[in-house]
Amino acid sequence: MANGIALPGNRWDLLDGIVPDTPPAVSVIVAHYEQPAQLARCLAALAGQDHPPDRLEVIVADDGSAEAPKVPAGVRLVRQADEGFRLAAVRNLGALHATGDVLVFLDADTVPEPAFIRELSRMPGLAPDVVAAGRRRHADLDGVSPVADVRTVLEGRRLAEPTWLADAYRRSGDLLAVDDRSYRHVIGAVVACSRTMFEASGGFDEDFRAYGGEDWEWTYRAWLQGAVLAHVPSAAAWHDGPDAGARDDHDLIARNAEAVLLADLIPVPGSRPHGRPTSRVDIAVTPPAGASEAAAFVSVDSVLADVPGSELVEEIRSDPRLDRVRIHIEIVRPVRVGTGLRDAVERVARDSLGLLVVLDDDGSPLIRIHSCRAAARERRWGRNDLFPRVADRVEGVMPLAGEPDVAAYLGGWG
């Protein structure tokens, strides 16, 4: 059972004005590779944080630099061999050695303002479901000496912030209004989560061996585990240099490679391919228990025909293809679906429902549409009131009376 505050939906705003009685124990994991000057600036800024020093642990996780980076007393150094770009793996390595209840991930080329840790760790310290994204700003810090407060050296060095990200935060109310694609607005270089959420998500996917995408893929898995996404603009850190999208070396080929990889791993509409199959299931459909072969055939086939992205799964179980399931359509009794179920599934996602029960005319259940995100959070807290539950008739979903005529259903014989 989780400890702390259980939040409904994505209501991180219910934490406004609440401060932990005791500041959380925070482990900051700084990912580094061959950036000694930038690392020195990052560590100096971490030494100047206003979070209590006895509640702050700093770990430099080095991705195989030719020489071990120099770190000051009190900062831990963990290293892995140089086997190419392994940012996801080195973040996991740092998390493995962390002792704090809240994990903060920073990149070595990012310099936090003095309130960064206190502001970013507040919500995960109160409510372990929260994944908090800080504000990554940009400046040209080349040649700047390490200082405790980066704001003292920013005059004339500020660079543009990415407008797409600022616009997304403005439209969503700093991620208060989110959906299944809001993972795109969490940046791994300035993010915090509880140890509980990090372990529930399984950590970063170490198959990522190139720049970009590992933070979005991790955030999506955290989302499916019931994460509450929040943007904390008061937790600002300055990235040394422009946003990657503004650099000449971040070209279309690199962006395409990232998009193709994520299309396979994040099967939600708007991310998955339009026609190609993926290695992960988005919407799992389970057949009615005890139904005849013909009744199960018509039930499942008509559901799959009406709901894009759905796939038959004999049972929800531990399987590599099922670790991204977003919606579970449980066929309770044999049905024939014409149209309408698709809209019900979209309603579950749009309205952040935990469960939508499709009813027969007599009020008995025909289909249960489960949100896997809601189910994961409610299991963690041992309660079922964190997401709305709805029961309703759905036009076009009809019970099957008796043994169906499969040939007539298919319509191509006789």
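This is a predicted model: local features need pLDDT of at least 70, side-chain atom pairs count only at pLDDT 80 or more; totals for chains, interfaces and linings use all residues.

**A loop, a strand and some rings**

Reader: What is the relative accessible area of D174?

Author: Phi of D174 is near 60°, a positive value in a residue other than glycine. Buried means under 20% relative accessible area, exposed over 50%, partly exposed in between (1.4 Å probe, protein chains only). D174 counts as partly exposed because its relative accessible area is 23%.

Reader: How many residues of β8 are buried?

Author: Strand β8 spans residues 190-194. V190, A192 and S194 are buried on one side, V191 and C193 on the other.

Reader: Which residue in β8 is the bridge partner of A133?

Author: Two strands pair if DSSP finds at least two bridges between them. Strand β4 (residues 102-107) pairs with β8 in the antiparallel sense over five bridges, with V104 opposite A192. Strand β6 (residues 130-139) is also antiparallel to β8, over three bridges. There the partner of A133 is V191.

Reader: What is the angle between the planes of F105 and F198?

Author: Rings of Phe, Tyr and Trp (its six-membered ring) pair if their centres lie within 6.5 Å; planes under 30 degrees apart are stacked, over 60 edge-to-face, the rest tilted. F105 is in strand β4 and F198 in helix α5 (residues 195-201), 93 residues apart. Both are buried. Their pair is tilted, 5.5 Å centre to centre, with a plane angle of 35°.

Reader: Why does the pair of Y183 and Y220 tie together separate parts, and how many residues apart are they?

Author: Y183 and Y220 form an edge-to-face pair, 5.6 Å centre to centre with 75° between the planes. Both are buried. Y183 lies in the loop between α4 and β8 and Y220 in helix α6 (residues 214-224), so the pair ties together parts whose separation in sequence is 37 residues.

Conventions:
Residues are numbered from 1 along each chain as its sequence is written. Side-chain values use heavy atoms; hydrogens and water are left out. Helices (H or I, at least four residues) and strands (E, at least two) are DSSP runs, numbered from the N terminus.
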